[in-house]
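Biologist: Please take a close look at one chain of this model and tell me how it is put together.

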Amino acid sequence: MKKLSEFKLGNLKKINTESISKYMCLISVTLVVLIFFVINPKFLSLYSIQNMLLEMAPLLLLAGGITFVLFTGGIDLSAGAVASCTCVLTGLYIDNIGGWIVPLMIVLGVVIGLINGFLITAFKLPSFIVTLCATSIWKCIALISSGGGSKIIPLDKRYLVNWASAPLLGIPVMLWMTLAIIGLLYFIQRNTTVSKSILAVGANARAARMAGTNTVKAQITAMTICSVCSALAGVLYAFKMKSSVPNIGDPLGLMAIAAVALGGTSLAGGKGSVLNTIAGVATIIAVTSGMNIINVHALWKDIVIGVILIIAVFINSDKTGKDVIIK
Amino acid sequence: MKTLLKTEKLGKIYGTNVVLHDIDVEINQGEIIGLIGENGAGKSTLMKIIAGVEKSSMGRMTLRGETYSASTILEANRNGIGMVFQEQSLVSNLSVSQNIFLGREKKFRKYGIVNWGKMNVVAKEALENAGVSNVEPNKKVETLPFALREMVEIAKVLNIVDENSKRGSIILLDEATTVLSEEEIQILFGQMRRMAKLGNAVVFISHRLDEIMEICDKIYVFKDGGQTAVIKKEDANLDLLYSKMVGDNNSSEYYVTSRQTVAEEEILLSVKDVSRFGEFNNVSFDVKKGEVLSICGVEGSGKESLCSVLCGDLGHTSGTIDVSGKKVNLSSPYAALKKGILVVPKDRRDEGIVGLLSIKENIVISSLDRLSVGGIYISVKKCNQISENWINKLKIKCTGIEERINKLSGGNAQKVVFARAIESEVPIVILNHPTRGVDVGAKVEIYSLIRDITEKGCAVIVLGDTLDESIGLASRIIVMKDGLVTGGFDCQADKKPTQIDVIKMMM
């Protein structure tokens, strides 16, 4: 009898942790929204929701891109710095170049991603180190080109950026755009050969190689997707803030990674989904905006994000030790 | 002569695989004992159980009359049992003396500070004790040639065991001679004899039967995890050892020999004078359409690295490889796949399956370009269909195509890897230990699959898990020894060479 009861307990436990990590993104976002709503009902006022949706757009882009890098088992720490850089460049040059700045920034994102991917695959450097160095480079370029401070987009050129924050059917245009891009990312994840390779590399790089997948292409593609998304996120920040802010991206990298982890994507690679990242981002935004609404000082935000990331990674991590991840 | 260690019905099970069973070994004081057998026959496993690296799953051991089992190497050391491992276990960036006393620095320590000078002096004594006089104890291990490292390792184990037991120790040497020169081997043998004379016992594994016959007083022969014979020194001769190593089972039905195909004229793969520095030299052979070529050889014969070169995992230093008459550059497994070569790797867990992914993703992963539209778009429906087909065709036991592959048993997971290889439609398939860790039922199914693909006109290269399998599957055999091809056999379905013929060329 004792044996039987032990067995049942074991089974129950297993189901519990598995379903938690599966639905964690939905559970956490509901929980967070509920808590803040109870503390301050204004949290779900129309204005507050509009604001949160606007906040969500660029972070969602950033996190969507990072999701692909995490699929490979790598990491892109430079996403925030790239966003800072494109935010500054967009703010500075939009009055000269106009709307063409957007495709230019996409090209810049492609170039950055290719450089990162090339360094990682050609010289077998860890993505951690490459993107850490890239962070300092792009951050510095952002600071140099901005002269170290924010610069507002002149009033007579505002028409170039205002449309992005305007609501369309109650949702800001820039969030529509972002959702369209997430849709595209989901298509890439589901229906392209390269995403199959990307996941395989993350799940077991050695086996993926032996099976004849193009591991180099997989890693470079993932880095490029991420950098393009980061670059676009920077553009959106410039549109949203209506100015160039050289340090806008500093806290974003960590926030985006926390959001992806909350969405159930494994930081060790090989599993997860771009769609889950949406819920992860919603959670993070709800937390930061909620703290604002209940009057917690903004400086505390990073502590909370750090703690959330650790908890999210813990829930997703493999605690049984049974399926050891081999890289 | 006192008995030191005795095993009764000792055995070891991994999962559902019995790798060792019914072992009755007696180790007496003053004896040098030899263990021989093919790769995977269970010799190393037995040594590891005695040395405390692995736990036995069946039977018992008695040491000096008392029940014995060790769960760590240290525990075995305390009981006077020490092992020199096949793969070297020295820390290369530490000095010789630091390695010899690694974990035992206590006696040289005072107030937390280690007296290195004193350690070097004692280490020098330990080295001389083992007959090694040309090594400075303060030199770093990485600066020593391999043979000397091996001697240092032996000196270390001798010292540990001597320190712990004056009552007769047991030293286990797992293929200790493979990297040594003839002269060094003789020094080692001298040491072994000296140790035996002092009342210790030495257990010695080697693939070189001449060495075994020269030094050992008693030889235990292993096959498929069982013990097939105990032969005294005076009774030993090569033919007897060979025949006991291979047994006498006839298994043509098992290997579906009736469906063995006759090779066609068309040459699919042609290897010309290919070498990889330090691993194998000037290997040449052709593989024809519909042919199964077995590459036989003991570990270290170079067949494993030859296999890695052919599947694009390692580069070669000279020679050319042609696929269907065209010279190819196999710079990566991806490049090899493009040219039509895919491997079923040996280490299923680390190299074969992509553990976190589903059965479906594991099946299509080598066929992505072929199944896609323009190399980019791939239809989920198509992938599902293909995977469903394979699961039904190979009777893969699972809950569905989305099940994670690492939840499957060894045999079922291996079937998925085979499905992947066949789905890729490559003309040349390399099977590196295709049935390792696979149960008997799945083995037979895998053998029929191999017949299926040769009937379709594929060329297959096999590195068999056992010699029996290598011969059973092959339509031609080449044998490698010490990095060279030493011979070959034609293996028509009704005219196969015996295992003894082949093993004579291997050893």
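What does the secondary structure of chain A come to, in helices and strands?

Modeller: The model is predicted, so local features need pLDDT of at least 70 and side-chain atom pairs count only at pLDDT 80 or more, while totals for chains, interfaces and linings use all residues; side-chain values use heavy atoms, without hydrogens and water. Residues are numbered from 1 along each chain as its sequence is written, with chains lettered from A and ligands numbered from 1 in written order.

Chain A has 13 helices and four strands (DSSP runs numbered from the N terminus: H or I of at least four residues, E of at least two). Of its 327 residues, 52% are buried (under 20% relative accessible area; exposed is over 50%, partly exposed in between; 1.4 Å probe, protein chains only). Among contacts in chain A (heavy atoms within 4.5 Å) with a separation of 6 or more, 81% link residues 24 or more positions apart. The accessible surface of chain A is about 15000 Å², and carbon and sulfur atoms hold 72% of that area (Shrake-Rupley method, 1.4 Å probe; for residues, only the protein chains shown count as cover).

Leaving aside residues up to four places away in sequence, A:Val281 touches A:Met56, A:Leu59, A:Leu60, A:Ala63 and A:Ala259.
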